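Hi,

Here is the structure I said I would pass on.

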Amino acid sequence: MCSGEKRKLVIPPALAYGKEGKGKIPPESTLTFIVEVLEIRNGPRSHDSFQEMDLNDDWRLSKQEVKEYLRKEFERHGYPPNDTLHENMVADIFAKEDTNKDGFISSREFTYKHDEL
């Protein structure tokens with residue numbers, strides 16, 4: 001699909017909620033969605049982005065390392081620095097990624113799938 005393109009997606013019951021249904025969706029329902037591609041961006045970042053963020057090469061990311069990476073990415077794309085936004089983004093990333101809650105994101109915890117990054 002291209003930006004601006006619309007498609008109709010039909011999901012049969014076996015791939016949707018099946019015999020159980022869900023909430024207001026009755027059992028054995030066929031789901032129909034009209035989707036439009038609003039924008040196309042680069043896909044999820046690779047292992048290289050983790051290494052780029054890991055400034056001290058300890059195979060774990062601190063909040064400061066992630067914040068510095070965000071600052072550089074904003075700058076690279078022509079956006080002004082925004083410490084409040086970066087702090088909020090870092091908090092959200094750590095809430096999702098720091099699964100053992102040790103204050104760092106290890107290479108194992110990092111999923112490489114972030115809209116923010």
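Predicted model: local features only at pLDDT ≥ 70, side-chain atom pairs only at ≥ 80, totals over all residues.

A word on ground rules before the details. Residues are numbered from 1 along each chain as its sequence is written, and side-chain values use heavy atoms, with hydrogens and water left out.

**Overall fold**

The protein chain has 3 helices and 4 strands (DSSP runs numbered from the N terminus: H or I of at least four residues for helices, E of at least two for strands). Along the sequence they come in the order β-β-α-β-α-α-β. Of the 117 residues in the chain, 26% are buried; buried here is under 20% relative accessible area, exposed is over 50%, and partly exposed is in between, using a 1.4 Å probe and protein chains only. The chain exposes about 8600 Å², with carbon and sulfur atoms supplying 52% of that (areas by the Shrake-Rupley method with a 1.4 Å probe; for residues, only the protein chains shown count as cover). If you take contacts (heavy atoms within 4.5 Å) between residues at least 6 apart in sequence, 47% of them join residues at least 24 apart.

**The core**

The largest nonpolar core has 13 residues, and Leu61, Val66, Ile105 and Phe110 touch the most other members. Helix 1, helix 2 (63–76) and helix 3 (83–97) each put at least two residues into this core. By core I mean a set of buried Ala, Val, Leu, Ile, Met, Phe, Trp, Tyr and Cys residues joined through side-chain atoms within 4.5 Å. As background, nonpolar side chains tend to be buried together in soluble globular proteins.

Beyond its neighbours within four places in sequence, Ser49 is in contact with Tyr69 and Phe110.

**Salt bridges**

There are 7 salt bridges in the structure, counting a side-chain nitrogen of Lys or Arg within 4 Å of a carboxyl oxygen of Asp or Glu. Three of them are described here.

- Glu87 and Lys67 pair at 2.6 Å, N to O. The pair links distant parts of the chain, with Glu87 in helix 3 and Lys67 in helix 2, 20 residues apart. Glu87 is partly exposed at 41%, whereas Lys67 is buried at 17%.
- Glu73 and Arg76 have their closest N and O atoms 3.0 Å apart. Both lie in helix 2, 3 residues apart, or about one turn of the helix. Glu73 is buried at 11%, but Arg76 is exposed at 53%. Also on the salt-bridge list, Glu68, Arg71 and Glu75 are joined into one network through shared partners.
- Arg60 and Asp58 meet at 3.5 Å, N to O. Arg60 is partly exposed at 33%, and Asp58 is partly exposed at 30%.

**Aromatic rings**

Searching the whole structure gives 3 aromatic pairs. Here, rings of Phe, Tyr and Trp (its six-membered ring) pair if their centres lie within 6.5 Å; planes under 30 degrees apart are stacked, over 60 edge-to-face, and the rest tilted. The rings of Phe50 and Phe110 have centres 5.5 Å apart and planes at 55°, so this pair is tilted. Phe50 is in helix 1 and Phe110 in the segment after strand 4 (105–106), 60 residues apart, which makes the pair a link between distant parts of the chain. Both Phe50 and Phe110 are buried. Ring pairs also link Phe50, Trp59 and Phe110 into a cluster.

Two charges sit over rings, by the rule that NZ of Lys or CZ of Arg is within 6 Å of the ring centre and within 35 degrees of the ring normal. Arg60 lies over the face of Phe104, 3.5 Å from the ring centre. Lys63 lies over the face of Phe94, at 5.5 Å from the ring centre.

Cheers
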